[in-house]
Number of protein chains: 2
Amino acid sequence: MNLTPRPVDPTPLAHDRVYRQLRTRIMHGDIPPGHALTLRGIGKEYDVSMTPARESVRRLVAEGALSMSNSGRISTPLLSNERIEELAALRALIEVELASRALPRAHLALIERLQNINAKVAEAVAHRDAVSYIRTNLEFHRTLYLRAQAPAMLAMAETVWLQMGPTMNALYGRLRRTDPPHFHRLIIAALRAGDEPGLRLAVRSDVTQGLRMLAS
Amino acid sequence: MNLTPRPVDPTPLAHDRVYRQLRTRIMHGDIPPGHALTLRGIGKEYDVSMTPARESVRRLVAEGALSMSNSGRISTPLLSNERIEELAALRALIEVELASRALPRAHLALIERLQNINAKVAEAVAHRDAVSYIRTNLEFHRTLYLRAQAPAMLAMAETVWLQMGPTMNALYGRLRRTDPPHFHRLIIAALRAGDEPGLRLAVRSDVTQGLRMLAS
DNA sequence: CATGCGCTTTTGTGATCACAAATGAACGCG
DNA sequence: CGCGTTCATTTGTGATCACAAAAGCGCATG
């Protein structure tokens, strides 16, 4: 019986490493909308050949994190207002369901973790750090949704986050306010009270609040 | 002013052609769950080298249409009952919204088209042809949802269909009944009456009906 | 007959190269 | 000075190859 205690891959696949790093940067808004990328540039940046760069790009294009022109040029997507509205509606649909499924499993330790993350969110807002804000905000939501035990739904939600990443940065760049996140507190309060309708409303409000900045 | 009337690509990209054909086969349930594929096999089947085969597979894996073992082996996914429930819930969430958005734009010509498609669905059911049933059933839904003018949502819905494709065939293989699609008639009736709550209920019922076969 | 071992084959990964199309800049013409 | 043309450069695509790991298979052993 040769049971190796560590079946972890000692050599992480190159294309996967490139994919993961690019994905994180895009989701957190590190790359502005419409920014052009090249396969050779990516390969050079991550010290790999064109092949893994192409595979990671292909994957990110499939997830909507990058877009390709009909001639194959790669760039972060430029979202129309209609598409942003759609993505926000998808967030509302999926994340309200995820929160609802997480509610019966949300015990006190989780709520405390959410409060700690929320403090980091408030800090990022105070420092006007858009990338930190996006990252901690998503961490808040993901931490809650992980409790729903619904990996397919969570993956869908993350895909939507990914598509909005570059635009989110540009959007929150206009954000003048330094308020701590209001709806996050409502979410936590609803979790504590076991109030499902309140939770659904709070999540929906939090997810669609960014849309108001578009109207201006 | 050199405006070419046909900017269509005369040489369709190889990887895209392979991707599209594989995607269609998977979505329609042409490939059973757990079926193994190889890059060289795909390349040989579509008369391309490994490179386009790899890219199309990478894309399909990103969409959940195929799954890869940790050693890179490719196969259609074997869905657990929990995952099927999740995907059905996602269908319900997204497609109810799509139908709701399509309702105000649904005029008579659309309803007639839906009835024609529905006749083909009934024919497929009568012939016990699972693949035809899946194809025409999805055509029914897609035709309705296209009216919603919500491409991001439709893409999400199609991704869910894609993930369920192989399993759908196995599921409907157990279907003994030869009834014409009942809920499709309800959908059409609700569209005709402009009855939004009725439409939402009918779509939700149609989308989740397949789950009952799992309980048995 | 079941099981563990070793070998052959299969398979995915990544690098490199040739090629064609698109891009962009320099140039010249009106 | 504006604008179309031409050409060098950049860029994505697809094919091929070497390589290592995994899988499948047969054989010997208990």
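This is a predicted model: local features need pLDDT of at least 70, side-chain atom pairs count only at pLDDT 80 or more; totals for chains, interfaces and linings use all residues.
View 1. The most comes from α3(A), with three residues. By class, the residues of this surface split into nine nonpolar, six polar and five charged.

**View 2. The residues that come nearest to DNA strand D belong to both chains.** Chain A contributes Arg54(A). Chain B contributes Ala14(B), His15(B), Ser49(B) and Thr51(B). Of the atoms of DNA strand D that come within 4 Å of the protein, 62% belong to sugar and phosphate.

**View 3. Backbone atoms of Leu39(A) and Ala14(B) face phosphate oxygens of DNA strand D.** For Leu39(A), a backbone N or O atom lies 2.9 Å from a phosphate oxygen. For Ala14(B), the corresponding distance is 2.5 Å.

**View 4. The side chain of Thr51(B) contacts a base of DNA strand D.** A polar side-chain atom of Thr51(B) lies 2.7 Å from a base nitrogen.

**View 5. Chain B holds an open sheet of three strands.** The order is β1-β3-β2, and the pairing is antiparallel. β1 (36-37) and β2 (67-68) stand at the edges with a single partner strand each, so one side of each has no neighbour in the sheet.

**View 6. β2(B) pairs with β3(B) over two bridges.** β3(B) spans residues 74-75, and the two strands run in the antiparallel sense. Ser67(B) stands opposite Ser75(B).

Note on methods. Residues are numbered from 1 along each chain as its sequence is written. Chains are lettered from A and ligands numbered from 1 in the order in which they are written. Side-chain values use heavy atoms; hydrogens and water are left out. A residue is near a molecule or strand if one of its heavy atoms lies within 4 Å of it. A polar contact is a pair of N or O atoms within 3.5 Å; within protein, one must be able to donate a hydrogen and the other to accept it, and residues adjacent in sequence count only if both atoms are side-chain atoms. Helices (H or I, at least four residues) and strands (E, at least two) are DSSP runs, numbered from the N terminus. Ala, Val, Leu, Ile, Met, Phe, Trp, Tyr, Cys and Pro count as nonpolar, Asp, Glu, Lys and Arg as charged, and the others, Gly among them, as polar. Two strands pair if DSSP finds at least two bridges between them.
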